[in-house]
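My entries follow in the order in which I made them.

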Amino acid sequence: MPDPLSPVPPIGIFDSGVGGLSVLRALRRRRSDIPLLYVADSGHAPYGDRDPAHALQRSIRVTEHLMAQGARLIIVACNTATARAIDTLRQRYPDITWVGVEPGVKPAVRHSNNGRIGVLATPSTLSSPRFDSLIDRFAQGCEVIRVPCKGLAAAIETGGPSDPALDPLLDRYCAPVVHAGADTVVLGCTHYPFVAERIAARLGPQVQLLDTADAVAAHALHLWPHCSGQRLPRETIAPVRLETTGDATVLARLAHEGLGLNVPVHTIDL
C-alpha cells in the first residue's frame with residue numbers, strides 16, 4: 001500500500017499517435033480527479049502499417065518511460081499495439097495493471113440485426129492472431145467485413161479530423177461496408193472516433209457505429225483504486241500531461257479541438 005502522503009500515481013496512456021486521446025477524453029468525462037499522462041509516439045508512427053515487431057519494440061520503450069513517471073496502470077490505447085504487444089507487456093511487467101483496446105466485435109454482434117458487421121482498422125490489427133481470435137469467439141455465424149484502412153490514421157494525424165484531404169480515404173474505406181449491407185460498423189482504431197461523423201455520413205443513418213473508448217475508460221477506472229491504493233475527493237482537479245515523440249503542434253491541435261484541453265505539450269526523446 002503506498003504512502004497516503006505520496007503523489008497520486010497517474011494513469012499512463014499511450015498510442016502510436018494522437019488517436020488515444022479518444023480514450024483520454026472518455027476518462028476525463030468520467031473522472032477529473034485522477035492524473036493522466038499521455039504519450040503520443042508520433043515520431044515512430046504509424047504502428048498499424050508497419051512490421052508487427054515495430055509495435056512491440058516501441059510499446060516496450062514507451063512503457064518503461066511511463067513506469068519511470070510513476071504509472072502503475074497503463075492503457076494501451078492503440079488497437080495495433082494491443083494486438084501485437086500487450087501479451088508480452090503483461091508477462092514482462094507483471095506489477096503493472098494493463099488495459100488494452102480491441103475492436104468491439106462482441107458488442108457489434110449483439111447490436112447487429114442482420115449479422116453483417118464491418119470493422120474499420122489498421123492492416124496490422126486485422127491480420128493479427130488476436131483479431132482472428134475475437135472473430136472465432138464472438139462472431140461465429142456472422143459476416144465480418146474487414147476493411148484495412150491503410151494510411152487513414154496517419155492522415156488524421158497529419159491533417160486533423162476536419163482535413164478535406166481525408167475525403168478520398170473515407171470514401172474508399174466506407175464503400176465496402178456499404179456494398180456489403182452491414183448494419184453495424186466497428187471503429188477499430190482509436191484515431192477513427194475523431195472522424196466518426198464523417199464516416200457516419202457516408203454509411204447512412206441505418207448503420208450503427210461502435211467506439212469502445214468509453215468501455216475502456218470504465219474498465220480502467222474500475223481497476224485504478226486497486227492498483228493505486230488511492231481514493232481521492234471528487235472535487236480534486238488533477239493534471240493532464242501530454243507528451244509526444246513527434247510534432248507537438250499535432251497533439252496540441254487535436255487536444256484542443258477534440259477535448260478542449262489547453263495544456264502544454266512536451267516533446268520527448270524515446
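**Entry 1: overall fold**

I counted 11 helices and 10 strands in the protein; helices (H or I, at least four residues) and strands (E, at least two) are DSSP runs, numbered from the N terminus. I note that this is a predicted model, in which local features need pLDDT of at least 70 and side-chain atom pairs count only at pLDDT 80 or more, while totals for chains, interfaces and linings use all residues. Residues are numbered from 1 along each chain as its sequence is written, and side-chain values use heavy atoms, with hydrogens and water left out.

I looked up the radius of gyration, taken over C-alpha atoms, against the globule rule of 2.2 Å times the number of residues to the power 0.38. For 270 residues a compact globule would come out near 18 Å, and the protein has 18 Å, which agrees. The C-alpha trace spans about 60 × 40 × 40 Å along its principal axes.

I then took surface and burial. The accessible surface is about 11,700 Å², and 52% of it belongs to carbon and sulfur atoms; areas come from the Shrake-Rupley method with a 1.4 Å probe, and for residues only the protein chains shown count as cover. Of the 270 residues, 54% are buried, where buried means under 20% relative accessible area, exposed over 50%, and partly exposed in between (1.4 Å probe, protein chains only).

For contacts I used heavy atoms within 4.5 Å. Among contacts with a separation of 6 or more, 77% join residues 24 or more positions apart.

**Entry 2: the "active site" annotation**

Which residues does UniProt list for "active site"? The unreviewed entry gives Cys78 and Cys189. They are spread over 112 residues of sequence, yet cluster in space, with a largest C-alpha distance of 6.7 Å. The lining of the second largest pocket includes both Cys78 and Cys189. I keep in mind that UniProt positions are given in the numbering used here, that feature names are shortened, and that annotations may be inferred rather than shown by experiment.

For the pocket I used a 1 Å grid over the protein atoms alone: a cavity is a set of points where a 1.4 Å probe fits but cannot get out, a pocket is an open set with protein on both sides within 12 Å along at least five of seven lines, and lining residues have an atom within 4 Å of a point.

Cys78 sits in the loop between strand S3 (73–76) and helix H3 (79–92). It counts as buried because its relative accessibility is 5%. Leaving aside neighbours within four places in sequence, I find Cys78 in contact with Phe14, Asp15, Ser16, Tyr47, Val101 and Thr190.

Cys189 sits in the loop between strand S7 (184–187) and helix H9 (196–203). Its relative accessibility is 7%, so Cys189 counts as buried.

**Entry 3: the "binding site" annotation**

UniProt (unreviewed entry) places "binding site" at Asp15, Ser16, Tyr47, Gly48, Asn79, Thr80, Thr190 and His191. This set is spread over 177 residues of sequence but clusters in space, with a largest C-alpha distance of 12.3 Å. From it, the lining of the second largest pocket takes in Ser16, Tyr47, Gly48, Asn79, Thr80 and His191.

I checked Asp15, which lies in strand S1 (residues 11–15) and is buried, with a relative accessible area of 1%. Beyond its neighbours within four places in sequence, the contacts of Asp15 include Cys78, Thr190 and His191.

I also checked Thr80, which is in helix H3. Thr80 is buried at 2% relative accessible area, and its contacts beyond four places in sequence include Tyr47, Gly48 and Thr122.

How many disulfides does a search of the whole structure find? It finds zero, with a disulfide taken as a pair of cysteine sulfur atoms within 2.5 Å. For Cys149 the closest cysteine sulfur is in Cys174, at 7.8 Å, which is too far for a bond. Cys149 is buried at 1% relative accessibility, and Cys174 is buried at 3%.

**Entry 4: a cis peptide bond**

I found the peptide bond from Ala45 to Pro46 to be cis, with omega near -5°. Most peptide bonds are trans. Pro46 is in the loop between strand S2 (36–40) and helix H2 (52–68).
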